[in-house]
Every structure is written in structure tokens, then in C-alpha cells.
Amino acid sequence: MNPLPGDCWQACSGQSGTAPVKPLEPPRTGQRRRTWVADRLAVTVHQGPAETSVEVSGEVDLASIGAFQSALFAAVDTRTPTVVVDIGEVDFLDALGLGVLVSARKRAIASGQRLVVIGARPLAYRMFALTGLTGTFDVRRRAASHTGSQSFLPGPRLSP
């Protein structure tokens with residue numbers, strides 16, 4: 001298992017003078033955590049022994065695409081069998097963001113990994129559906145149960 005690169009501590013917003021971002025809490029034993037920030041975006045990568053999770057919140061657009069790409073590529077570079085990208089807290093996802101997800105998926109496949117997208121809100125899911133990427137990414141939408149726990153269901157079918 002490869003550790004996350006050392007430059008992951010640096011915010012990747014593309015703006016000079018950005019201070020490094022440190023995790024708010026120490027990672028659990030056997031797990032590494034790094035955070036990237038940019039204009040209206042935060043991406044945290046948690047590396048575990050069998051899975052790397054990527055938690056994305058905010059807006060994925062031209063202003064934040066560098067941080068988003070750096071975080072996703074670092075997650076794939078961990079070489080864990082599965083990379084799970086949680087976009088449940090994403091308020092906006094444009095075509096650039098979808099392009100970065102496609103690139104990250106290609107990198108994952110090339111190194112024998114699987115990349116899954118979970119937590120898609122209706123507008124984000126619609127972007128995947130309209131571009132024909134729902135099956136490619138096995139996009140899952142977030143569904144809360146009556147007990148408060150969460151599960152992930154396949155997204156709804158959209159009529160043409």
C-alpha cells in the first residue's frame with residue numbers, strides 16, 4: 001500500500017500563498033487522511049487497508065478543479081483495491097468535474113482498482129445520467145433509513 005504523497009498537505013487551489021491544510025483530527029491506526037481545499041471546495045482522502053474514501057463537499061468547477069483532480073489522483077495512487085468517491089455534500093458539479101472523474105477512473109482501471117461514486121444528489125445524478133456515465137461509475141444515491149443509518153441505492157431511471 002503506497003502512502004499518500006507528501007505534497008498532499010498543500011492546498012491545491014492554484015493560487016499562490018495558500019497555507020497548507022492539516023487534518024482536524026489524527027487518522028485512525030492503519031489509516032491516513034489528507035485534505036485539499038480550494039475556492040468553495042474541500043476534499044478529504046481517507047486511506048484504509050482495503051479501501052480509500054474520498055469525501056467531497058462544496059462546488060466542483062473551474063475555480064476548484066485543480067484541488068479536485070489532485071485529491072482524486074492521490075486517492076488512486078494509494079493502490080487500494082477500491083476508491084469510493086462520496087459526492088453527497090457536493091452543491092455543484094460541472095463538466096470539468098465529470099472529466100476529472102473519468103480520468104481518475106481510467107487511472108484506477110489501469111492499476112487494477114475500482115472507482116465508485118456514491119451519495120449523488122438529484123442534480124449531480126442528472127449530470128451523470130445525461131452524459132451516460134451512471135453505469136460507467138455505478139453511481140449510487142444516498143438514502144436514509146428510518147433508523148437514521150444510511151444506505152446507497154442505484155440512482156433513479158431518467159426518461160429520455
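In this predicted model, 5 strands form an open sheet. Their order is β1-β2-β3-β4-β5, and the pairing is mixed. The edges are β1, residues 32–38, and β5, residues 114–118. Each of these edge strands pairs on one side only. From one strand to the next, the twist averages 15°.

Strands of a sheet pair through backbone hydrogen bonds, in either the parallel or the antiparallel sense. Strand β2 covers residues 41–47, and strand β3 covers residues 51–60. The two pair in the antiparallel sense, over 7 bridges. They form a hairpin, with 3 residues between them. Valine 45 stands opposite valine 54 in β3. Histidine 46 has serine 53 of β3 as its bridge partner.

Next comes the pairing of β3 with β4. These strands run in the parallel sense and share 9 bridges. One landmark is serine 57, whose bridge partner in β4 is glutamate 89. The chain gets from β3 to β4 by way of α1, and this β-α-β crossover is right-handed.

Now turn to the helices. Two packed helices are described by the angle between their axes and the distance between the axes. Helix α1 spans residues 65–77, and helix α2 spans residues 95–110. Their axes come within 10 Å and cross at roughly 15°. Angles under 35 degrees count as roughly parallel, so α1 and α2 are roughly parallel to each other. The crossing of α1 past α2 is right-handed.

Which residues make the contact between α1 and α2? From α1 come Ile65, Phe68, Gln69, Leu72, Phe73, Val76 and Asp77. From α2 come Leu96, Gly97, Val100, Leu101, Ser103, Ala104, Arg107 and Ala108. By class, the residues of this contact divide into 10 nonpolar, 3 polar and 2 charged.

Helix α3, residues 122–130, lies across β4 and β5. Strand β4 covers residues 82–93, and α3 runs at about 115° to this strand. Of the two strands that α3 lies across, β5 is an edge strand of the sheet.

How values were computed:
Residues are numbered from 1 along each chain as its sequence is written. This is a predicted model: local features need pLDDT of at least 70, side-chain atom pairs count only at pLDDT 80 or more; totals for chains, interfaces and linings use all residues. Side-chain values use heavy atoms; hydrogens and water are left out. Two strands pair if DSSP finds at least two bridges between them. Helices (H or I, at least four residues) and strands (E, at least two) are DSSP runs, numbered from the N terminus. Axes are lines fitted to C-alpha atoms, for helices over the stretch in contact, and angles run from 0 to 180 degrees between N-to-C directions. Contact means heavy atoms within 4.5 Å. Angles under 35 degrees count as roughly parallel, over 145 as roughly antiparallel, 65 to 115 as roughly perpendicular and the rest as oblique. A crossing is left-handed if the near helix is turned anticlockwise from the far one by less than a right angle, and right-handed if clockwise. Ala, Val, Leu, Ile, Met, Phe, Trp, Tyr, Cys and Pro count as nonpolar, Asp, Glu, Lys and Arg as charged, and the others, Gly among them, as polar. A crossover is right-handed if, with the strands pointing away from the viewer, the path from the first strand over the helix to the second runs clockwise.
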